[in-house]
Amino acid sequence: MPSTPSPQQPVPADPSEGGADGTSAAPSAAVPERATVSSKRLVLWVAVLAALVILVDQATKIWAVAKLEGEPTIELLGRWLHLTFIRNEGAALGIGSGYTWILTIVVTVVVVFILRSMRKIGSRGWAVALGLLLGGALGNLIDRIFRAPGVAQGHVVDFIGYGDLFIGNVADIAVVGAAVMIAILSIQGIGIDGQRHSGEGEAAPAAADQTEAAPEKSDAADGPDAPSTRTVS
């Protein structure tokens, strides 16, 4: 007698192909992975930009020492922009003269803070700002550590004059640019983690999730168990 075919047992759904169990597990595993890759890429941006700022800053300082030290002022745009060589023991505008070692400690603390902040970076704008700030801080810190008169007391090489206001260098330009970018990002409410925060302190994606959840309630109301109304004539 021909054998009666046995009923086939249901095959469990493969989580990798989606389904009731697969659709919820796959995205949750993918999101942290994408976030990690993006964070690593942004940290690389910070490091590369900082290295570029240091390279340009130190190269221009070497040129200034060789070509401008002991020479008269060279006007580029009249008195508004000129090349004037000085060795600055203080900060910008001559602030902190005589306290070079204190400025060295302050800059070192700033560098450590930037390096710690890089771990939670999630914004391209913040990556650029931190890269400029880190490069500028390290550019002047190198002068304070390795230039005369001694370690932690070295004088910073400045040679770019802005009218009668102050004389700076490439590292100073990077720091000012970073300050402007940080101010703009803060005004826009963009945190270092890349989240845009509202005035109430809640991140924008959280509000978006609530908006997306609203249609589900309306869909549930249209289900088979939803009460129906009939018009009786």
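Which residue, Asp164, lies where relative to S3 and S4: in which loop is Asp164 found? Asp164 is in the loop between S3 and S4. The views below show a predicted model, in which local features need pLDDT of at least 70, side-chain atom pairs count only at pLDDT 80 or more, and totals for chains, interfaces and linings use all residues. Residues are numbered from 1 along each chain as its sequence is written, and side-chain values use heavy atoms, with hydrogens and water left out.

**View 1. The whole chain has 5 helices and 4 strands.** Helices (H or I, at least four residues) and strands (E, at least two) are DSSP runs, numbered from the N terminus. Along the sequence the pattern reads α-β-β-α-α-β-β-α-α. Of the 233 residues in the protein, 28% are buried. Buried means under 20% relative accessible area, exposed means over 50%, and partly exposed lies in between (1.4 Å probe, protein chains only).

**View 2. The 4 strands form an open sheet in the order S1-S2-S3-S4, with antiparallel pairing.** Strand S1 (74-75) and strand S4 (166-168) are the edge strands, each pairing on one side only. Two strands pair if DSSP finds at least two bridges between them. S1 and strand S2 (residues 81-88) pair over 2 bridges, S2 and S3 over 6 bridges, and strand S3 (residues 156-162) and S4 over 3 bridges. Asn88 stands opposite Val156 in S3.

**View 3. The hairpin of S1 and S2 has 5 residues between the strands.** Gly78 in this hairpin takes a positive phi near 65 degrees. Arg79 lies over the face of Trp80, at 4.3 Å from the ring centre. A charge sits over a ring if NZ of Lys or CZ of Arg is within 6 Å of the ring centre and within 35 degrees of the ring normal.

**View 4. Asp164 lies in the loop between S3 and S4.** Asp164 is exposed, with a relative accessible area of 72%.

**View 5. The model has 2 aromatic pairs.** The rings of Trp63 and Phe159 have centres 6.4 Å apart and planes at 70 degrees, so this pair is edge-to-face. Rings of Phe, Tyr and Trp (its six-membered ring) pair if their centres lie within 6.5 Å; planes under 30 degrees apart count as stacked, over 60 as edge-to-face and the rest as tilted. Trp63 lies in helix H1 (residues 19-67) and Phe159 in strand S3, so the pair ties together parts that are 96 residues apart in sequence. Trp63 is partly exposed at 39% relative accessibility, whereas Phe159 is buried at a relative accessible area of 4%. In the pair of Tyr162 and Phe166, the ring centres are 5.1 Å apart and the planes at 35 degrees, so the pair is tilted. Tyr162 is partly exposed, with a relative accessible area of 25%, and Phe166 is partly exposed at 30% relative accessibility.

**View 6. Trp101, Ile102, Ile105, Val106, Val109 and Val110 make a nonpolar surface patch of about 510 Å².** Patch residues have over 30% relative accessible area and no salt bridge, with like charges joined within 9 Å and nonpolar side chains (Val, Leu, Ile, Met, Phe, Trp, Tyr) within 5 Å. A salt bridge is a side-chain nitrogen of Lys or Arg within 4 Å of a carboxyl oxygen of Asp or Glu. Trp101 is in helix H2 (residues 100-117) and is partly exposed, with a relative accessible area of 47%.

Conventions
Accessible areas come from the Shrake-Rupley method with a 1.4 Å probe; for residues, only the protein chains shown count as cover.
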